[in-house]
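Subject: Structure for your review

Dear colleague,

Please find the structure below, together with its sequence. My notes on what was found in it follow directly after.

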Amino acid sequence: MVYLKVIAGKTVNYADRPGKRFYLVNSEEIFMPPYGNFSFESTAWDEIADYTDHLVVTVTREGGLSTMARRVNAMSKGAIKRAVEHQSFQGRKAADVITLSYPSGLKATAIQLVVLERGEKPEIVRKAGVALAKRLSGKSAVILLGALRHSEQLCLGLALRSYKFQNYKSAEQDKRPDYRVMHDKLSNLRSDFETALSIADGVCLTRDLVSMPANILTTETFADHLLSLAEHGLKVEILDEDHLKELGMGALLSVGQGSKSPSKMVMLEWQGAEDAAAPLALAGKGVVFDTGGISMKPAAGMEEMTMDMGGAGVVAGTMLALAKRKAKANVVGLVGLVENMPSGEAMRPGDVVTSLKGDTIEVLNTDAEGRLVLCDVMWYAQDRFKPCAMIDLATLTGAIIVGLGHENAGVFSNDDQFCSTLLGAAGREQEGAWRMPLSPAYDKLLKSPIADLKNIGGRAAGSITAAQFLQRFVKDDLPWAHIDIAGVAKVKTDTAHSGAGATGWGVMTLNRLVQEMFETG
Ligand code: BES
Ligand code: MN
Ligand code: ZN
């Protein structure tokens, strides 16, 4: 089935929209988020006895029952009381979940006891949501939170860990859990719940984009997806190949010249501040597939390069989260969309290309393509938007995985204060980030005998020379951070908020950074 919608005069094909199956109902689209359907309700006791999926209540570490737990305990003939009084309950930690299966007196398949104190910190409440998602494992639930503080964090954790990429599993398309979250203070909290889901939507958009294969997420369909974000109030502008040529983006264009998919640059603008203050600029590497080009990668593992648009994915997800929660900040996101393919038209090793800035680059390895894309996007971002600060994100080097593994992204910055704000935000969102050095001493490794610089620096300090390359395209005095997410965009084991697969690393960090830089005080 192909669903079509016209936005800004352009037709968007919804058939492969990330994450969501779209249904046309009375010509209005209804979508199912990839983490399930949340509803927020006042506590409806008359429905509890007959509810057939899972019931969720909270208990304290000392075995104290919340008001909700007490009532469910009475309905289940003391099942909860027995569980918390059993010796196996000793030593339970906050955010643990205990499952009581097939309770008598109720129709529910199970009661899930979430261990949470009354005054728990937001990060612990979020962690409990993650633990609950693992335990529910795709089952629907009524979640009785009473007057629990930071309840929206439980929902965020639950949503993030419930995410599953199942766009291409034909039998599982419609299997998403229903979460009915019941809270006593709903009127005050509804916007907090909505904000939490806005952030989940951003993270999950990134995950969807990173998970999509390169035959489906091409430069063109990627641009279409971004265009459709206009419905959330983002201003979207797409520059096509002719326009990029006119501008003089010789570096970016050289990467895509071997591919049938045309290169593009897409800009997403969010103007949420009351004034016209200079925006924060986010720039993302969007290589929809990286074969390495003529300097081709080996066959084993090449399929992983479907995630080489991860930086652009984080920019898209962050912009969506900011727009959906109506952030009071000005932020502009730019992504360079290209495919790095070998062909008769592809760039050769040894070619010299001219960047938008005017610097000439000797391309000694066509697999060091990300920096060629970003240098033009970053220069354009500064020229056009005069940002107050800039962050670029890219799955830039294998070397950052050698250095930091899959636990931390590598952060490079020319500004200590900006960098510490960024690292602080990452820490508070439990997204690993570690600062790496920059120094002009590395620049000699990028010297070319025939051009202004070359695109590789040799084996030593591969992630740092990549960052030094980029810094050459950052104007003096602009606070800037480069984040190499090659190790964290897609992983093989659980993280704090995701299972194996695309993590959406960075959306929550950047969302919080925006909040802390522009929306507080
Ligand atoms: N996209 C890769 C980096 C990468 C590697 C991302 C592994 C995710 C996982 C990048 O374009 C690349 O190929 N980098 C080269 C640079 C080298 C040729 C200087 C690399 O890291 O080997
Ligand atoms: Mn490459
Ligand atoms: Zn790459």
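A residue is called buried here if its relative accessible area is under 20%. Please keep in mind that this is a predicted model.

**The metal site**

By that criterion, Lys 285 and Glu 369 are both buried. These two residues belong to the set of protein donors of the zinc ion (ligand 3), which consists of Lys 285 (NZ), Asp 290 (OD), Asp 308 (OD) and Glu 369 (OE). The donors lie 2.0 to 2.4 Å from the zinc ion.

Around the zinc ion (ligand 3) there are 6 donor atoms, and because the angles they subtend run from 79 to 174°, the arrangement is octahedral. For reference, the ideal angles for six octahedral donors are 90 or 180 degrees.

Along the chain, the donors of the zinc ion (ligand 3) are spaced as K-x4-D-x17-D-x60-E. Lys 285 is located in strand 13 (residues 280–290), whereas Glu 369 is in the loop between strand 16 (360–362) and helix 11 (370–385), so this pair ties together parts that are 84 residues apart in sequence.

A manganese ion (ligand 2) lies 3.2 Å from the zinc ion (ligand 3), and Asp 290 bridges the two.

**Aromatic pairs**

Searching the whole structure gives 6 aromatic pairs. One of them joins Phe 38 and Phe 40: the ring centres are 6.1 Å apart and the planes are at 25°, so the pair is stacked. Phe 38 has a relative accessible area of 15% and is therefore buried. Phe 40 also counts as buried, at 9% relative accessibility.

Phe 40 pairs with Phe 193 as well; here the centres are 4.3 Å apart and the planes are at 15°, so this pair is likewise stacked. Because Phe 40 lies in strand 5 (residues 37–41) and Phe 193 in helix 6 (residues 186–211), the pair ties together parts that are 153 residues apart in sequence. Phe 193 is buried, with a relative accessibility of 1%.

Which residues do ring pairs link into a cluster? The members are Tyr 35, Phe 38, Phe 40, Tyr 179 and Phe 193.

With kind regards

Note on methods
Residues are numbered from 1 along each chain as its sequence is written. Chains are lettered from A and ligands numbered from 1 in the order in which they are written. This is a predicted model: local features need pLDDT of at least 70, side-chain atom pairs count only at pLDDT 80 or more; totals for chains, interfaces and linings use all residues. Side-chain values use heavy atoms; hydrogens and water are left out. Donors are N, O and S atoms within 2.8 Å of the metal (3.2 Å for Na, K and Ca); water is not among the atoms, so sites may look incomplete. Four donors count as tetrahedral if all angles lie between 85 and 135 degrees; four count as square planar and six as octahedral if opposite donors are over 155 degrees apart and all others between 65 and 115; anything else is irregular. Helices (H or I, at least four residues) and strands (E, at least two) are DSSP runs, numbered from the N terminus. Buried means under 20% relative accessible area, exposed over 50%, partly exposed in between (1.4 Å probe, protein chains only). Rings of Phe, Tyr and Trp (its six-membered ring) pair if their centres lie within 6.5 Å; planes under 30 degrees apart count as stacked, over 60 as edge-to-face and the rest as tilted.
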